[in-house]
Amino acid sequence: MLFFFFLILLMRGSITYNMGVEKYGYSEFLEKVEKGEVLKCVIGRGEVSGELKNGTHFITRFLPELVGPELEKTLKKNGVRFTYRTPLLSEGWQNLLFYLILPIFVLVIFWSLFLRGMQAGNREAFTFARSRARKYTPANIPRVTFNDVAGADEAKQELQEIVEFLKNPRKFQALGAKIPKGVLLYGPPGCGKTLLARAVAGEANVPFFHISGSEFVEMFVGVGAARVRDLFDQAKANAPCLIFIDEIDAVGRQRGTGLGGGHDEREQTLNQILAEMDGFDPNIGVIVLAATNRPDVLDPALLRPGRFDRHIVIDHPDLKGRLEILKVHTQNKPLGEDVDLEMIARRTPGFSGADLANLVNEAALLAARLGKHKITMSEMEEAIERVVAGPQRRSRVISEKEKKLVAYHEVGHALVAKMLPNANPVHKISILPRGMALGYTLQFPEQDKYIITKSELMDELSALLAGRAAEEIVFGETTTGAQNDLQRATDIARRMVCELGMSERIGPITLGRRHGNPFLGRDIFEDRNYSDEVARLIDEEVKNIIETNYKRAEEILRENRDVLEKLVGILLQKETLEKEEIDRILSDGEDSQQS
Ligand code: ADP
Ligand code: MG
Ligand code: ZN
């Protein structure tokens, strides 16, 4: 076939077989003819090939119009022998071949490849439209049950009903009870949504189809919709079973919000999901679970009755939840006697389930590296800090001066936090660089807090600004080290004024509406709904709050300069100070003052 293709091209003269053949321009050719160097030649359409008297083969290409009596005359005059190459086919036939038969040929080739692929049993050519959902049956995946999901008791309770239904759909059908078709799990990442969905399937012991929202979306229009159809067909054939669409926001975003069009594909996919959810009878025993971190961007149509009308929040675990998660993940690991899981849970507010799993794993890795047979508390502590701040960077070299600067900065934070009654307790000060930070002060509440008072915020602000204040007092100069602190402080102050109504001059009003923009994912936009005058007032108030707290921090540090120096001295020696040591040093200070 390929040969045939070649032949046609040759006939059209589009390629030349000119290996070991000189190429001459037309004028060069004529020159050689006139000099009598040419022995013989063959004239084709728009080209002449031939041989010189010295044996060199050559070819010359030119416009077809130049072939004619004129050329013949020149050749004859110089005694060149010449013949014409007769085309195999007339020009009309050539064109027919080229423009009609060739495309048909190409098509046939493709088709035969296609068929062969299918016969070989590898149906890749056709699998675009197949859903990429992975089917997990109880046989091919370790079963996850509710016992593997720690905490999240309310979510488990809610899902229990669905488990019951999947276990025994007939019982519900007989009673005519209506079961929700779709359940939406939402909450921050790493808090166990995927795990919980798997546990529902595991508890009910039914097949589990797992697909991620982004897997529906491909570059070919219509593929996503076809995949949805295929997924639901498969699920219906396997009922009772569970479909789990993870990260549904990838396809389920509000329609009509795509930037600059081109999002038809996503919309079609979403429409297909909606159609499928409406289309099936819940009593056949298919339940759709979906998960997202961004329920706010979902298309409202997804949340309507008959679709994902049941919503379950899966939030960061609280102290009790964290303790249980730690227990689950340390279950099969050898723990030293000194490991106090409750203490670890206490020290990790804001950690997600995934963070905690990671923490335990890090501790196990560390213990292995140190050649221990058990995980002890010191590995756990190191692991907490690793998860919080990245691995310790022992290799980083810091100059003495920088180290001193960092020490004053961190002790500044810690000392002010200690002196103010409402600031979060200081658990540790360190000047060992970690992650991006050169030093850090660990401060966190004894318990989880859901409400924060204004005085707590103010004390927190003072502590935040104290790093910079210490630098200024001691070195009489400011550095770049406080940038993150200032940013956080400004953010808090602004929210106090604009969102929390904590400024007296402005009063209990929220100003500006912050909302996530569905176009741009997580970016926060602010609608300004106040006048320039108010804007100026806001700026003044924010500045006021920051300045008040900065002054307060400065005063505390000046008054306690001796304690500051003492703490810095010890910190420079030991590089880290734990809560107990800090407390001891501070109370020593008081004793010496009294005596
Ligand atoms: P999400 O889907 O919410 O982002 P995952 O379910 O994927 O989170 O959780 C990631 C990992 O974190 C899980 O595989 C598990 O090891 C751990 N994890 C999260 N939440 C819990 C929990 N409540 N109990 C036990 N492990 C958890
Ligand atoms: Mg997940
Ligand atoms: Zn700082």
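Two strands pair if DSSP finds at least two bridges between them. Helices (H or I, at least four residues) and strands (E, at least two) are DSSP runs, numbered from the N terminus.

This is a predicted model, in which local features need pLDDT of at least 70 and side-chain atom pairs count only at pLDDT 80 or more, while totals for chains, interfaces and linings use all residues. Residues are numbered from 1 along each chain as its sequence is written, chains are lettered from A and ligands numbered from 1 in the order in which they are written, and side-chain values use heavy atoms, with hydrogens and water left out.

**Exercise 1. Describe how S12 and S13 run and the sheet that holds them.**

Step 1: S12 and S13 run antiparallel and are joined by four bridges.
Step 2: Within this pair, isoleucine 429 is found opposite threonine 441 of S13.
Step 3: The open sheet has three strands in the order S13-S12-S16.
Step 4: Strand S13 (440-443) and strand S16 (576-578) are the edge strands, each pairing on one side only.

**Exercise 2. Find which residues coordinate the zinc ion (ligand 3).**

Step 1: Donors are N, O and S atoms within 2.8 Å of the metal (3.2 Å for Na, K and Ca); water is not among the atoms, so sites may look incomplete.
Step 2: His409 (NE2), His413 (NE2) and Asp485 (OD) coordinate the zinc ion (ligand 3) at 2.0 to 2.1 Å.
Step 3: Their spacing in sequence is H-x3-H-x71-D.
Step 4: Histidine 409 and histidine 413 are about one helical turn apart, because they are four residues apart in helix H15.
Step 5: Both histidine 409 and histidine 413 are buried (under 20% relative accessible area, with exposed over 50% and partly exposed in between; 1.4 Å probe, protein chains only).

**Exercise 3. Check the span of H18 and say what its buried residues pack against.**

Step 1: The expected span of a helix is 1.5 Å times one less than its number of residues.
Step 2: For the 28 residues of H18 this should give 40 Å, and the end C-alpha atoms are 40 Å apart, which agrees.
Step 3: The buried residues of H18 include Ile538, Tyr550 and Leu557.
Step 4: These buried residues of H18 pack against H15, H16, H17 and H19, where contact means heavy atoms within 4.5 Å.
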